[in-house]
Amino acid sequence: MIWKRASASQGKAFLRCQSRWHWEKIGGFRGEETGAMRLGKRVHALLELYLRGERLPQDKEALAIALPGMKYLPKPKSFLGAVEDRIYSTTLGCVPILGFVDLYYWQGDCLVIVDHKSTGNLQYALAPSEISRDFQAMIYACWASLRWPDERITFRLVYYTSRPPYRSRVSEYAFSDTDIEAAKTYIRQTLDRMLLASITDIASVPYNLAACHDYKSAENPMGCPHRERCAELGRQTMGAASSFFQLGKLLEGKSC
Ligand code: SF4
């Protein structure tokens, strides 16, 4: 598959494990949607309707999750800004960047960009200093600075726990002009690296064994869905069984 466009989530995936991004975006091996992802989408959908001042769905679980975080959001229809607005930039790197921002609005003379995050545990919430180095925050802040060059920009993460007791936490960072310039350089360099990786054979793409267990759960005991594929390339992603996968692939090749 030819790589034609980037997104904040693609960049984050690439920076965590280049091979995982390659398997999915270049190889076309998409991971299955998990229950946590589906629940996160329901919470997002409910919050979108709430901010638009529209009737909420009869989704008690999504409502229970979203309620504690609503105090960190502007009152519905009372703000100057937009909900679920499309991001599109052709000037931040070698390919266009696409995405959707959950909410942005003006608070005094500051533009606040909000992203909703469902999480199993608030301990995963980013600290303000970590937001300045977060690829998604960088992309949204740079996109906003190109669109509204005179505005001060704050990126706000509103976290919602996805299981009882339902709680919420906010973490935010105000980007300075220096931060924005540094972010633009980092985004451009990262997209250049992604372009290079996109035309590299998967066997030669760097990988990160520390990422193999990301998002592991009872529903998703494997963590990364590409562990067997990586093991077939001789990587130790299946523990002691890894060499069997590589041997199996070699024998398969010989029998063809
Ligand atoms: S199995 Fe591990 S090394 Fe392979 S793509 Fe997934 S996270 Fe990366």
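**Helix packing, domains and ligand shell in a predicted model**

The buried residues of helix 1 pack against helix 2, strand 2 (97–107), helix 6 and helix 7. Here two residues are in contact if their C-beta atoms, placed from the backbone, lie within 7 Å, and a residue is buried if 20 or more other C-beta atoms lie within 10 Å of its own, exposed if 12 or fewer, and partly exposed in between. Helices (H or I, at least four residues) and strands (E, at least two) are DSSP runs, numbered from the N terminus. The model is predicted, with local features needing pLDDT of at least 70 and side-chain atom pairs counting only at pLDDT 80 or more, while totals for chains, interfaces and linings use all residues. Residues are numbered from 1 along each chain as its sequence is written. In helix 1 (residues 8–16), the buried residues are Ala8, Gln10, Gly11, Ala13 and Phe14.

The overall layout comes next. The protein chain holds nine helices and five strands, in the order α-α-α-α-β-β-β-α-α-β-β-α-α-α from the N terminus. Its C-alpha trace spans about 65 × 40 × 30 Å along the principal axes. Of the 256 residues, 32% count as buried. Among contacts with a separation of 6 or more, 63% are between residues 24 or more positions apart.

Two helix pairs can be followed in some detail. Axes are lines fitted to C-alpha atoms, for helices over the stretch in contact, and angles run from 0 to 180 degrees between N-to-C directions. The axes of helix 1 and helix 6 come within 8 Å and cross at roughly 145 degrees, and the crossing is right-handed. Ala8, Gly11, Lys12 and Leu15 of helix 1 make this contact with Phe135, Gln136, Ile139 and Tyr140 of helix 6. By class, the contact of helix 1 with helix 6 has five nonpolar, two polar and one charged residues. In this grouping Ala, Val, Leu, Ile, Met, Phe, Trp, Tyr, Cys and Pro count as nonpolar, Asp, Glu, Lys and Arg as charged, and the others, Gly among them, as polar.

Helix 6 (residues 135–147) also meets helix 7 (residues 177–198), where the axes come within 9 Å and cross at roughly 115 degrees. This crossing is left-handed, the term for a near helix turned anticlockwise from the far one by less than a right angle, with right-handed used if clockwise. Met138, Ile139, Ala141, Cys142 and Ser145 of helix 6 are in contact with Ile180, Ala183, Lys184, Tyr186 and Ile187 of helix 7. The contact of helix 6 with helix 7 divides into eight nonpolar, one polar and one charged residues.

At the level of domains, the chain is divided into domain 1 (8–198) and domain 2 (202–255), with bounds that come from an automatic or database domain assignment. Their centres, taken over C-alpha atoms, are separated by 30 Å. In the contact between them, 14 residues of domain 1 meet 14 residues of domain 2. Helix 2 (residues 18–26) gives the largest share of the domain 1 side, five residues. That side has four nonpolar, seven polar and three charged residues.

The ligand brings both domains into the picture. Domain 1 and domain 2 both give residues to the shell around the ligand, so the ligand lies between them. A residue is near a molecule or strand if its C-beta atom, placed from the backbone, lies within 6 Å of it. Of the 15 residues around the ligand, Cys17, Tyr207, Cys212, Cys224 and Cys230 come nearest. Helix 2 and helix 8 (227–232) each supply at least two residues of the shell, and helix 2 gives the most, with three residues. By class, the shell has eight nonpolar, four polar and three charged residues.

Helix 2 is also the place of histidine 22. Histidine 22 is buried because 25 other C-beta atoms lie within 10 Å. Not counting residues up to four places away in sequence, histidine 22 touches Gly27, Ala197, Ile202 and Val205.

Some local backbone features complete the description. A cis peptide bond, with omega about -5 degrees, joins proline 164 and proline 165; proline 165 is found in the loop between strand 4 (152–161) and strand 5 (168–175). Lysine 77, in the loop between helix 4 (60–66) and strand 1 (81–89), has a positive phi of about 60 degrees although it is not a glycine. Lysine 77 counts as exposed, with 10 C-beta neighbours inside 10 Å. Glutamate 84 lies in strand 1 and has a positive phi near 50 degrees. With 14 C-beta neighbours inside 10 Å, glutamate 84 counts as partly exposed.
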